[in-house]
Amino acid sequence: MTQFNTMVSYLITNGHVIDPVSGYNGKMDVLIENGVIAKVGNELKKTRAQIISAKGKIVTPGLFDMHVHLREPGREDKETLETGLRAALRGGVTSVLSMPNTVPSADNQTVIRFQLSKARELNFARLFAAGKITKNGEKISEMWELKNAGAVAITDDGEDVDDAALLLHCMEWAHTFDIPLLIHAEIPSLTREEDAVMHEGKISQLLGISGQPRAAEVLAIERSILLAEESGAKVHIAHVSTAGGVEAIRRARSASLPVSGEATPHHFALTHEECLGWNTNAKMYPPLREEVDCKAVRAGIADGTLSVIATDHAPHLVSEKYLPFQIAPVGTVGLETLFAAVNTYLVRPRIVTMATAIERLTVGPALVLGLPPASISEGAIADVSIFDTNTEWVVDPSKFESKGRNTAFEGKTLFGRATHVFVDGILKVADGIIL
Amino acid sequence: MVLFGAISYSTDQMVEHINNLPREVRKNRDLSVFDVVSIDDLSNDDIHLIFDVAKKFKELGNEKFSLLKGMTVFCVFFEGSTRTRASFELAGKKLGADTINITSNGTSISKGETLHDTAQTLNAMRANIIVVRTEYSGIPQFLAKHVGAAVINAGDGMHEHPSQGLLDAFTMIEHYGDIAGKTVLVVGDISHSRVFGSLVRILPRLRASMRVAAPKTFVRNGFREAFPHVQVFQNVEEALLGTDIVIALRVQEERGGGKGLPTLREFSKTFGINERRFALANVGAIFMHPGPVMRDIEVHNALMTKGTTKILNQVENGLAVRTALEWLVADRTDKKVKLYDSI
C-alpha cells in the first residue's frame, strides 16, 4: 500500500468516455488516483494531478485481446513477451491472452508459471495465459493443474482436436473444473491433408493453389457445438471466418447453449483477393474468404453472436514469409492495428457503434474467460486507453513494436490510434510513445 | 592465312544470312514484357509475334543460329521433366547460347533457402534467361521481379505453363489457319493441370470457344467465377458434340489428382477418349495431348496412331515456340533493359 502514496494522479479531461460496464457514453473527466478510477464526472478539479487533455478523443477501458501468439518460450526470434506486450500497449490493449502453442507448449504448469511471472516482471500490458486442451492432440492435458498455475482458458489453437471422442472427453474434464475451451474449428482432412492452404474459390483457381471449402470450418464448429451440448462445457469458437459458422453459433446461442464466438479484424475486413500475387501475408488459418463471409462476420459482431473481437496476432520471420505460398507459415500480426481496423471497417461505416465495438474488445473477452471486465467506473482498476479516432495512417510494419512484420493490412489506410494507455493507474503510453 | 581468312569471312556471311531469316519475319518487333511467366501478361501482338517467329524457326528446321551467341540460358528444373526441359535446352543450343541445366527434385527452397536467396544466386551468375519449373505456384513471377535475367515459366505448380499453352494454340492454328469460332474441349484433370491454366487464358484471346468435360471432382468451387467463358460438361459425349479440337489431360496423381477418383479404370471408362467417342466430334477434328500420355487411361491406344492425333506435332512445335521465346526475351531490338528489385 505504501507504493500508492508515491503514485502520480492523472486527470483526463474533456474526453468522450465510453464504458460498456457502467454505460457511460459522453463527455466526462476521469480522475485516476492510487491505481484506480477515483472519480468520473463533469469538470473535475484536482490539484497536484497531471492533466491529460482528451479533447476530441475517446476514453475507454483498456482493450483485451484474447487471441495472441507471443511465441515465448521457444521462438523468441519471432516475438518475445516483451515485444508482444509492448505491441499490445502501442495498440491500446492492456490485457492479452497468450496462446499455448509455444515451444515447449503450455500443456504443463511450468510454462504457464514462467509466462505469467516474466510478464509481471516486464510490467507492460497484463498477461493472461491459456493452456493446451490436449497433450500433442493425443491425451487430455492436466487442466486442473494448468488452472491452478494461472491458466484462464485452454486451447489447441493453430489446429483443432481432430479426434471427436478425445474432444468430448476434454470438454467433460474442462467442465468439471469450469475452464472455458477456445476452439480452432477446422477439419484437417478437408484442409491440411489436402494441402489446401487458402479459401477455395475464384482466387485459388486463378493462383493455382489448392483451396479448402467453407465446410472445413462449419463442420468443425457444428461438431464443437454438439459436443458442448453433450458435455455442458463452455465453448468459445475462435476466429470465425464463414457465414455458415456465424449462423451455427447464432443458432446455438439462441438455444441457450454455452457457446460464444470471436471475430478477427482480418476476417471481417479482408477477402481472399488479398492473396493475389501469392501474398503470403494474407495466408492464414482459417483462410480469408469472400465478401459474403466478411459481411456475415460483421453482422455477427453487430448482433452479439460474435461477442469478442480478437486479433490472432501471429508474428513470423520476414524470411519465412518469403517462402512459396504453399509452404509459408500462416498468420498475420494484429495488435497494433486492432483498434484502427475496428474503427475503420466497423465503426466508421456504421456497422456497429463505438460503444458496441468497445464492448466486444473489453467486456466480451472478459465474460468468455470468467474475468471481471475492465471499466471506467469509480473504484475500478485503472486500465484505461485513450484513442484519437480521426488520425489517418498507412500501415507500415517497419514501425511496429512487434517483431512480426507480417501484416495483412500492410499499405492500407486506417483511422484511429491509441495516444495514452494506463495499466493499473500507471501511464504506459503517452502521445503514442511507450514510456 | 589468307585462305583461312577468306573462309572465315564467308562463314560469317553465311551465318549472318541464316540469322537474318528469322529477323526478316520479326521486323524489329519486341515483346511488351521482359519475362514470359503468364499468358495474362502477353498482349495479342506478343502472341502473334511469338507465332510468326516460331513458324519461321519451324520452317528453318535444323538450321543453327548465332542469335544468342555468348548468352547463357539456365534451365532450372525443380521438378521432373523430359520434353519441356529438352525442348528449352535444345532451343537455347539452336540459338547459339550456352545452356546449363539444374535439375533437382527437392529444391534448395525445400532445404530452407528463401526465394530471395535463390533469385540472388541465379542473378549473380549473370544468366540471360532463366527457364524455371517448380511445384510451387507463383515462383516464376517472384523470380521475375527479383532478377535481371528474362524469366520463362516452364510450369509453376497448378498455375500456368505458358509455353505449352502457346505451342498448343500454335498447333491448332497450324492445322486450321485460324481458330476464331472453333470449339476446343479439354477433358480430364483440369484442376491440377497448369497446362489447363495456360489454355484457359490463351484460347479466349484467339477467340476460340472453350469447353471442359470433367467429373465434379476436378471442377472446384470458384471455377465458373474464375473462368466464366468456359462451358462445363460432366458428360464427355455431350461435350464432344460440335467440338473441333479435343485435348485430353493426364490425371495428375503426383498432385493428388487420383484422390477423388475410385479407380483410373472407372475414370477411363467414363472420361477416356476412344475412337467411338472421338467420332462424336466434328468431322476433321483433331486430338491433342500435352504429354506424358497414359495410354488407355485418358486416351485409347488406337487413337494415338491416327492422323488426326497431333501429339508429335505439338512436341515439334514446342521446340519452335521455345526457340522463339528465348530469342525474343534475350535479344531485344529496342535495347530496353529490365528493371528489377534486387532485395
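This is a predicted model: local features need pLDDT of at least 70, side-chain atom pairs count only at pLDDT 80 or more; totals for chains, interfaces and linings use all residues.
**Entry 1: chain A overall**

I started with the inventory and found 14 helices and 21 strands in chain A. Next I looked at the radius of gyration: a compact globule of 435 residues would come out near 22 Å, and chain A has 21 Å, which agrees. Along the principal axes, the C-alpha atoms of chain A fill a box of roughly 65 × 45 × 45 Å. Burial came next, and 60% of the 435 residues in chain A are buried. I also checked how far along the sequence the contacts reach. Of the contacts in chain A with a separation of 6 or more, 74% are between residues 24 or more positions apart.

**Entry 2: a covered helix in chain A**

I picked helix α13 of chain A, residues 354-361, and asked how many of its 8 residues are buried. The count is 6, so I noted the helix as mostly covered. I wrote down the buried ones in α13(A): Met354(A), Ala357(A), Ile358(A), Glu359(A), Arg360(A) and Leu361(A).

**Entry 3: chain B overall**

Chain B has 13 helices and 9 strands. Its radius of gyration is 21 Å, close to the 20 Å that the globule rule gives for 343 residues, so I logged chain B as being as compact as a globular protein of that length. The box for the C-alpha atoms of chain B is roughly 70 × 50 × 30 Å along the principal axes. Buried residues are 46% of the 343 in chain B. For contacts in chain B between residues at least 6 apart in sequence, 76% join residues at least 24 apart.

**Entry 4: the four-strand sheet of chain B**

I traced an open sheet of 4 strands in chain B, with the order β2-β1-β3-β4 and parallel pairing. β2 (98-103) and β4 (150-156) of chain B each have a single partner strand and stand at the edges, so one side of each is left without a neighbour in the sheet. From one strand to the next, the twist averages 15 degrees.

I then zoomed in on one pair. β3 of chain B (residues 129-134) and β4(B) pair in the parallel sense over 5 bridges. Which residue of β4(B) stands opposite Val131(B)? I found Ile152(B) there. Helix α5 of chain B (residues 139-146) lies across β3 and β4 of chain B, and runs at about 170 degrees to β4(B).

**Entry 5: the five-strand sheet of chain B**

There is also an open sheet of 5 strands in chain B, ordered β7-β6-β5-β8-β9, and its pairing is parallel. Its edge strands are β7 (230-233) and β9 (286-288) of chain B, each pairing on one side only. The twist here averages 20 degrees from one strand to the next. I followed β6 of chain B (residues 209-213) against β7(B) and got parallel pairing over 4 bridges. Met210(B) has Val230(B), in β7(B), as its bridge partner.

**Entry 6: helix α2 of chain B**

I tested the length of α2 of chain B (residues 44-59). At 1.5 Å a residue, its 16 residues should span 22 Å, and the end C-alpha atoms are 23 Å apart, which agrees. The buried residues in α2(B) are Asp46(B), Leu49(B), Ile50(B), Phe51(B), Val53(B), Ala54(B) and Phe57(B). After the helix comes Gly61(B), and I noted its positive phi, near 55 degrees.

**Entry 7: Thr309(B)**

Where does Thr309(B) sit? I located Thr309(B) in the loop between α12 (301-304) and α13 (311-330) of chain B. Is Thr309(B) buried or exposed? It has 20 C-beta neighbours inside 10 Å, and the cut-off for buried is 20 or more, so Thr309(B) counts as buried. Leaving aside neighbours within four places in sequence, Thr309(B) is in contact with Phe287(B), Leu303(B) and Met304(B). I also took a C-alpha to C-alpha distance to Ile202(B): Thr309(B) and Ile202(B) are 21 Å apart in space and 107 residues apart in sequence.

**Entry 8: where the chains touch**

How values were computed
Residues are numbered from 1 along each chain as its sequence is written. Chains are lettered from A and ligands numbered from 1 in the order in which they are written. Helices (H or I, at least four residues) and strands (E, at least two) are DSSP runs, numbered from the N terminus. The radius of gyration is taken over C-alpha atoms; the globule rule is 2.2 Å times the number of residues to the power 0.38. A residue is buried if 20 or more other C-beta atoms lie within 10 Å of its own, exposed if 12 or fewer, and partly exposed in between; C-beta atoms are placed from the backbone. Two residues are in contact if their C-beta atoms, placed from the backbone, lie within 7 Å. Two strands pair if DSSP finds at least two bridges between them. Axes are lines fitted to C-alpha atoms, for helices over the stretch in contact, and angles run from 0 to 180 degrees between N-to-C directions. The expected span of a helix is 1.5 Å times one less than its number of residues.
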